[in-house]
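This report describes selected features of a protein model. The sequence and structure are shown first, and the description follows.

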Amino acid sequence: MDKIVINGGKPLHGNVQISGAKNAALPILASALLTEGTNTFHNIPDLVDIKTIKKLLCSIGAQIEGEESVKINFDKIVSHTASYDLVKTMRASILVLGPLIARTGTARVSLPGGCAIGARPVNLHLKALEDMGAQVELNSGYIEAKAKKLKGAEIYFDLSTVTGTENIMMAATLAQGTTVLNNSAREPEVVNLADVLNSMGARISGAGTDVITIKGVTSLKSTEASIIPDRIEAGTFMIAAGMTRGEINIIGCNPHHLEALINKLRDTGMKISPIKNGLKVSAGEKINSVDVKTLPYPGFPTDLQAQMMAYMSIGSGLSVITETVFENRFMHVSELLRMGADIVIQGNNAVVRGVPVLHGAQTMATDLRASASLVLAALVAEGETEISRVYHIDRGYQTIEKKFSALGADIKRIK
Ligand code: UD1
């Protein structure tokens, strides 16, 4: 298994190009299931999760070509099953449930188990499908859903769910009548998907607000579309600039998607200004400690909580980081402690007392964003840090060691 080895202490300078958003590419690739004809999607990131969804879509019948620009055709559906083997490696596989049942009337998708950051149930996806007239049963670890024709319905999500909103939005495009999604997720990835579906002929309005209306149509046609830039990757490099006392141009990001983070980083003393294709981000004189609370978009993203905690662990004072989206998303804390951080967990709060220096150590990645926080901590730590279980990071960051190395970091991957 690969390891990443980092010798910390180098300020990072230069340009970094942000890749396409994993969390937008996954549902958009799945949305091809709704159409006949060949779809072309540009700016697809080169990530393990993308390989996993391609494998899953191929097992259902997709013909797929290309990497950064992907051509995907679903003229034939050969299976209705998303197997346990694939779903267990990537929970977002659940995104085939909505389009599969809408297109074919039948879907059999392995029930995702819990994961490192919490139980992560899919009850809201299933309840919404039932509200639309589907018969949903759980059999031997599989969700079995059937509906000759889904019917438009008034749906209330008890809490804001990103893939839940995306799944039901896709299902509703081919339903009979109008579906209204109340308390829907407002993430930019939901908007990207809605735009793609509309370009296929869907009739969706309100994406980006908490009420999305979908008027069902009888069929969708293939399309050509682009994936938005990855705001979590962009945010990770922005935090790296502040932590390493450097200056990085974040090229190709969308600053509107990063407003919660930009505000927070400015409070820490960082300087952030727009440039032609993105943002110039530089460290302040010192690192002011700030409190952070994760929330659904447009609040501070839970997917940047671990990275922000690494930053606050070298802050000048006390920071309270509150996680409200996932119940168990502090797995990185014990690894940061091994590097000399001073963090105490109290329920869903982490109390972070800034320390003057972190120290290199042997560490282990536990989930995707936790591993990004270890990379950030290692970039400023004294001495060498070794991060094992790098496969977590490869799920969501494209060539992370190359991008950091080009900015001046001493980082290498050991096979
Ligand atoms: C998506 C993102 C993930 C991000 C998360 C929150 C993708 C592929 N993944 O995950 O990177 O961290 O949004 O921004 O886009 N919940 C239920 N029942 C459900 C569905 C969700 O209780 O049926 C709960 C979850 O356990 C969690 C909260 O709702 O506590 C939000 O989860 P959700 O938005 O669904 O996360 P994902 O879509 O899985």
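Strands β24 and β25 (residues 384-388) run parallel and are joined by 3 bridges; strands here are DSSP runs of E with at least two residues, helices are runs of H or I with at least four, both numbered from the N terminus, and two strands pair if DSSP finds at least two bridges between them. Met364 stands opposite Ser388 in β25. Helix α12 (residues 368-380) packs on the sheet and touches β1 (3-7), β24 and β25, where contact means heavy atoms within 4.5 Å. The direction of α12 makes about 30° with that of β1; axes are lines fitted to C-alpha atoms, for helices over the stretch in contact, and angles between N-to-C directions run from 0 to 180 degrees.

The model is predicted: local features need pLDDT of at least 70 and side-chain atom pairs pLDDT 80 or more, whereas totals for chains, interfaces and linings use all residues. Residues are numbered from 1 along each chain as its sequence is written, and side-chain values use heavy atoms, without hydrogens and water.

The sheet is open, with 4 strands in the order β24-β25-β1-β26 and mixed pairing. Its edge strands, each pairing on one side only, are listed below.

| Edge strand | Residues |
|---|---|
| β24 | 362-364 |
| β26 | 410-414 |

The structure holds 1 aromatic pair (ring centres of Phe, Tyr or the six-membered ring of Trp within 6.5 Å; planes under 30 degrees apart are stacked, over 60 edge-to-face, the rest tilted). Phe237 and Phe404 form this tilted pair, at 4.5 Å centre to centre and 35° between the planes.
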